[in-house]
Amino acid sequence: MQLIIDIGNTNIVFGINQDGVWKQSWRIRTDTKKTADEYEVIFRSLFSSGKICKNEIKKVILSSVVPALNDDFRELTERFLNQKVLLIKPDVYDRLPIKILNPYQIGTDLVANAMAAYSKFKKPCMVIDFGTALTFLTISGSGEILGVAIAPGMGTAVRSLAGETAQLPYVQLAQPPSVLGKNTVHAIQSGVVIGYAGLVDRMIERTEAELKQKLYVIATGGLSGVLDGQSSRITHFEANLTLDGLKIIGDLIE
């Protein structure tokens, strides 16, 4: 079994993969103030509830866009699992079957998304990752990353509204019953969810026009499901795309 960990700015997503199948996956909040000991308590609890035997973990692959947590997770895996962590870094990108522009300026999570999309679909793709940032990554059918666009994520937009206004609350993101909000919660959900669906569709349209070709569009990330049925252009939803990509990269370079 392999433990694959993706440390993002808002959430840490990690899963247990056995023979290409995800046995368990979890999502916890990223907190740079937590110590390795505190994260170990969380991992022990989740492994126990998921009936995962830690002694069966033979490989740990880590991607991180939060460098402050890298040492903590190295310490955690070495102590809890007695395993060295394989940290995915730009110096391994030249061993991958994809072409990466500016390798030291692109997050390893985006490289993992590109690797998974190329391996799974073998066609021109756009991967839209609904995280702290909303990222649009376009990759050619031959595996070349053609470019990335970045916007504030939906959760970031909601937190900004709540933090910068006196009377607008923080609301949970969900599909609104109507574009015409009848209360504050539905009004915010309408503006963010339906508004972002328009943003997504327009970005796909502009990218395809520039490339003069259609794209297979994959949505991933914690909030991607909120747009299910709202965007007319998202072809496929793949919750574990980033973890899939990290597993593929880890298997290729070791």
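How many bridges join strand S6 to S7, and which way do the two strands run? I looked this up in a predicted model. Six bridges join S6 (residues 125-130) to S7, and the strands run antiparallel.

**Entry 1**

I stayed with S7, which covers residues 133-139. S6 and S7 form a hairpin, with two residues between them.

Next I checked the other partner. Seven bridges join S7 to strand S8 (residues 145-152), and this pair also runs antiparallel. Here I noted Phe136, whose bridge partner in S8 is Ala149. S7 and S8 form a hairpin as well, with five residues between the strands. In that hairpin, Gly143 takes a positive phi near 95 degrees.

Is S7 mostly covered or mostly open? I found it mostly covered, with six of its seven residues buried.

**Entry 1: H4 against H5**

I turned to the helices. H4 spans residues 154-164 and H5 spans residues 184-211. They pack at an angle of about 150 degrees, and their axes are 11 Å apart. Angles over 145 degrees count as roughly antiparallel, so H4 is roughly antiparallel to H5. H4 passes H5 in a right-handed crossing.

Which residues make the contact? From H4 I listed Met154, Ala157, Val158 and Leu161. From H5 I listed Ile188, Val192 and Tyr196. I then sorted this contact by class: seven residues are nonpolar, none is polar and none is charged.

Most residues other than glycine have a negative phi.

I placed Asp19 in the loop between strand S2 (11-18) and strand S3 (21-29). Is Asp19 buried or exposed? Its relative accessibility is 75%, so Asp19 counts as exposed, the cut-off being over 50%.

Lys212 sits in the loop between H5 and strand S9 (216-220). I checked its accessibility as well: with a relative accessible area of 73%, Lys212 is exposed.

**Recap**

S7 pairs with S6 through six bridges and with S8 through seven. The contact of H4 with H5 has no charged residues. Asp19 is exposed, and Lys212 is exposed.

Conventions:
Residues are numbered from 1 along each chain as its sequence is written. This is a predicted model: local features need pLDDT of at least 70, side-chain atom pairs count only at pLDDT 80 or more; totals for chains, interfaces and linings use all residues. Side-chain values use heavy atoms; hydrogens and water are left out. Axes are lines fitted to C-alpha atoms, for helices over the stretch in contact, and angles run from 0 to 180 degrees between N-to-C directions. Helices (H or I, at least four residues) and strands (E, at least two) are DSSP runs, numbered from the N terminus. Angles under 35 degrees count as roughly parallel, over 145 as roughly antiparallel, 65 to 115 as roughly perpendicular and the rest as oblique. A crossing is left-handed if the near helix is turned anticlockwise from the far one by less than a right angle, and right-handed if clockwise. Contact means heavy atoms within 4.5 Å. Ala, Val, Leu, Ile, Met, Phe, Trp, Tyr, Cys and Pro count as nonpolar, Asp, Glu, Lys and Arg as charged, and the others, Gly among them, as polar. Buried means under 20% relative accessible area, exposed over 50%, partly exposed in between (1.4 Å probe, protein chains only). Two strands pair if DSSP finds at least two bridges between them.
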